[in-house]
Amino acid sequence: MTSQQPQEPQHTQPTRIRDLPLTLLEKRFSTASLALDYGAAIVRVRSRLGVFVRDFQQVYGAFAVADAPPFADFHTEVCGGQGLRSFLRPQSRFLIDGIQPFDPFPKAQALPHFEWGVNWCFAQRFNQHVLLHAGALALGDRAVIMAAPPGAGKSTLTAAMMLRGFRMLSDEFGVLCPRTGKLWPMLKPVALKNRAVDVIRDFADNAILGPLYKGTRKGDVAHLAPLAASVDARQRPARPCLLLFPSFRDGATLNIRRLPGEEAFARVAFNSFNYALLGQISFAAVAEVVAACPAFALEYSRLDEAIEAIRTMIAESTSDAVAA
Amino acid sequence: MTRLLYRQLGDGAVVFDTANWHTHILTPAAAVIFEVFAEAGNGDAIAESRALELLREELDVDPGSPEMQQVLRSLQEMGMLAG
């Protein structure tokens with residue numbers, strides 16, 4: 001009888017996309033043997049566009065290199081233009097299941113094209129969840145949902161919160177599971193626009209920003225890479241504990257105002273991507289969130305001040321829940 | 001009114017109509033009126049005259065005010081009022 005020495009558990013770090021030589025990454029893209037696990041969804045990507053692969057590596061650097069799984073929710077491709085035009089004005093095309101849903105973009109903007117393409121696929125097809133149009137971040141497993149109209153500074157605040165230690169679940173989609181009431185990560189790079197790019201660049205040394213794409217359809221855009229702590233927790237859902245409706249105003253002093261439940265419901269539900277489609281399911285899920293979470297409008301001009309206020313609100317909502 | 005799903009949120013409420021998938025947002029005042037009408041109707045719509053009487057006598061409000069007219073229109077849309 002032989003005895004085996006117990007082995008030390010191995011705590012190996014995953015190989016991250018930033019660790020791969022670019023040539024190897026290009027090879028994996030060209031054979032579509034690379035899948036992106038966003039948390040809520042898995043996307044398989046094929047591309048032979050060098051500029052896309054290079055930019056992708058910068059903003060998806062913390063994601064683990066995973067072999068293409070047997071199942072992916074979306075099969076996508078980013079490829080070059082067709083015909084004579086591809087020589088005169090190089091383009092990128094985004095394909096989902098071989099279908100091109102949008103007009104081509106300039107080739108240099110292949111990465112933002114891909115990002116918007118994946119958002120579109122998700123918003124159109126991922127109807128097993130209630131898709132709130134909101135950022136979502138967590139401290140531990142308690143999440144704050146932040147909903148705001150475009151231009152209100154939601155992405156900037158989301159980015160800054162991640163850089164100050166919050167776990168980012170998503171910048172764009174609050175992926176609410178109607179069965180469990182929890183939020184799933186849909187972790188993608190944060191698309192920062194115009195002035196927000198420099199704000200975040202100056203905000204934290206650990207901000208990893210991809211290239212600046214000038215003059216896109218949404219202005220000048222750069223993507224903030226999700227940090228490894230958020231990436232590594234992308235299979236961990238969180239329970240909503242706070243609803244926030246942030247708005248940035250130059251020079252504003254911090255102003256926090258409690259919102260009545262019915263107003264919070266209207267703001268969350270009617271800005272959802274698929275509330276109308278899911279009917280009673282989304283009504284019940286959103287009502288449950290609003291019943292469980294205090295809701296506030298938050299006007300701010302200084303990021304760190306807003307972030308500290310949000311930390312306090314989460315802590316208070318936690319103690320309220322314990323007391324209840 | 002079993003086709004109406006009512007959920008109180010703080011002092012206000014929200015209602016989902018399973019017949020047409022419309023969602024209605026109720027202010028605190030509208031939520032109180034909804035509950036009074038629902039109780040009076042015991043699951044059925046109530047006559048408009050009965051609704052006006054309830055507003056005046058039980059809730060002590062003026063049914064002719066613009067706010068009450070708005071609430072009544074909403075409740076009519078939900079099928080809470082007959083006729």
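Trainee: Is Q57(A) buried or exposed, and what is its relative accessible area?
Mentor: This is a predicted model, so the values that follow are computed from predicted coordinates. Q57(A) belongs to helix 2 of chain A, which spans residues 50–59. Because buried means under 20% relative accessible area, Q57(A) counts as buried, with a value of 14%.

Trainee: Which backbone oxygen lies 3.0 Å from a polar atom of the side chain of Q57(A)?
Mentor: Once its neighbours within four places in sequence are left aside, Q57(A) is in contact with I17(A), R18(A), L20(A), L22(A) and L25(A). One of these contact residues supplies the backbone oxygen that lies 3.0 Å from a polar atom of the Q57(A) side chain, and that residue is I17(A).

Trainee: Against which elements do the buried residues of helix 1 of chain A pack?
Mentor: Helix 1 of chain A covers residues 22–30, and its buried residues are L25(A), R28(A), F29(A) and S30(A). Just after this helix, A32(A) takes a positive phi of about 55°. The elements against which the buried residues of helix 1 pack are strand 1, strand 2 (42–47) and helix 2 of chain A.

Trainee: With which side chain does the side chain of D37(A) make a polar contact?
Mentor: D37(A) is found in strand 1 of chain A, residues 34–37. Apart from its neighbours within four places in sequence, D37(A) is in contact with I42(A), F63(A), R234(A) and Q235(A). The polar contact, at 3.0 Å, is with the side chain of Q235(A).

Trainee: How many residues apart are the partners of the aromatic pair F173(A) and F273(A)?
Mentor: The search of the whole structure finds 24 aromatic pairs over all chains, and in this one the rings are tilted, with 5.0 Å centre to centre and 40° between the planes. F173(A) is buried at a relative accessible area of 1%, whereas F273(A) is partly exposed at 35%. F173(A) lies in strand 10 of chain A and F273(A) in the loop between helix 8 and helix 9, so that the pair links parts of the chain at a separation of 100 residues.

Trainee: Why is the pair of F248(A) and Y300(A) classed as it is?
Mentor: F248(A) counts as partly exposed at 32% relative accessibility, while Y300(A) is buried at 1%. F248(A) lies in strand 15 and Y300(A) in strand 17 of chain A, so the pair ties together parts that are 52 residues apart in sequence. The ring centres are 5.6 Å apart and the planes stand at 70°, and because planes over 60 degrees apart fall in that class, the pair is edge-to-face.

Trainee: Are K188(A) and E115(A), which meet in a salt bridge, buried or exposed?
Mentor: Their side chains come to 2.7 Å, N to O, and the pair links the loop between strand 11 and strand 12 of chain A, where K188(A) lies, with helix 4, where E115(A) lies, 73 residues away. K188(A) has 6% relative accessibility and E115(A) has 2%. Since the cut-off for this class is under 20%, K188(A) counts as buried, and E115(A) is likewise buried.

Trainee: In which helix do E53(B) and R50(B) both lie?
Mentor: E53(B) forms a salt bridge with R50(B), the closest N and O atoms being 2.9 Å apart. E53(B) is partly exposed at 33% relative accessibility, and R50(B) is partly exposed at 35%. The two are three residues apart, about one turn, and they both lie in helix 2 of chain B, residues 48–57.

Trainee: Which strand of chain B gives the largest share of the side that touches chain A?
Mentor: The contact takes 15 residues from chain B and 16 residues from chain A, with about 1,200 Å² buried between the chains, 73% of it on carbon and sulfur atoms. The rule finds one salt bridge across this interface, in which R7(B) pairs with E288(A) at 3.0 Å between the closest N and O atoms. Strand 1 (4–9), strand 2 (12–17) and strand 3 (22–26) of chain B each supply at least two residues to this side. The largest share, five residues, comes from strand 2 of chain B.

Notes
Residues numbered from 1 in each chain as written. Chains lettered and ligands numbered in written order. Predicted model: local features only at pLDDT ≥ 70, side-chain atom pairs only at ≥ 80, totals over all residues. Heavy atoms only, no water. Contact = heavy atoms within 4.5 Å. Buried area = accessible area lost by both parts, 1.4 Å probe. Salt bridge = Lys/Arg side-chain N within 4 Å of Asp/Glu carboxyl O. Helix = DSSP H or I, 4+ residues; strand = E, 2+ residues; numbered from the N terminus. Phe/Tyr/Trp six-rings, centres within 6.5 Å; stacked < 30°, edge-to-face > 60°. Buried < 20%, exposed > 50% of the residue type's maximum accessible area, 1.4 Å probe, protein only. Polar contact = N/O pair within 3.5 Å; in protein donor to acceptor, adjacent residues only side chain to side chain.
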